[in-house]
Amino acid sequence: MTVIDGTSRSIPAAVTAQPQPSTAVDACRAAPKPHPRPAGQDSYTISEVVALTGLTAHTLRWYERIGLMPHVDRSHTGQRRFSNRDLDWLAFVGKLRLTGMPVADMVRYAELLREGESTFEERQELLEATRRDVITRIAELHDTLAVLDHKIEFYAGARRAPERHSA
């Protein structure tokens, strides 16, 4: 079940403004990192995927069980064999996790993806809702950072105050 907060939130202009061009590479628009193995040689054991992604074997099995991980191939002995495409998907899921997207929404997105092109609009809506939530969280973090900066400046000023009186 997908739950999307339909409430309207005001978003500071600084957060919604388009970024200015810079010399830094935009990580979201950069080419994906090369895979450890070239296409055609992309068979990874669960322990290799654990080492490459930092996820636990338990988490990988759970992702598969709840439908978040697409069908994972198996060897003739029944061991999971992950592909470069699986690694790409896990990297994307990792980004969704960082957004704070609920697991139920991630599973819904995976289901929509498996359903095909007819679900483009619903997938876009789900990602746009998540983006709005991220922008709101960024604004909240900016406000929190301002409070922290104010307190840090206060304590730095308090430490300097006795120095002014001793002169």
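Let me start with a word we need: a residue is buried when its relative accessible area is under 20%, exposed when over 50%, and partly exposed in between, using a 1.4 Å probe and protein chains only. By that rule, 25% of the 167 residues in this protein chain are buried.

A quick note on where this comes from. The model is predicted, so local features need pLDDT of at least 70 and side-chain atom pairs count only at pLDDT 80 or more, while totals for chains, interfaces and linings use all residues. Residues are numbered from 1 along each chain as its sequence is written, and side-chain values use heavy atoms, leaving out hydrogens and water.

Now, the layout. The chain has 6 helices and 2 strands, in the order α-α-α-β-β-α-α-α. Those are DSSP runs numbered from the N terminus: helices are H or I with at least four residues, strands are E with at least two.

Which side chain does R80 join in a polar contact of 2.5 Å? That partner is E64. A polar contact is a pair of N or O atoms within 3.5 Å; within protein, one must be able to donate a hydrogen and the other to accept it, and sequence-adjacent residues count only if both atoms are side-chain atoms. Thanks, everyone!
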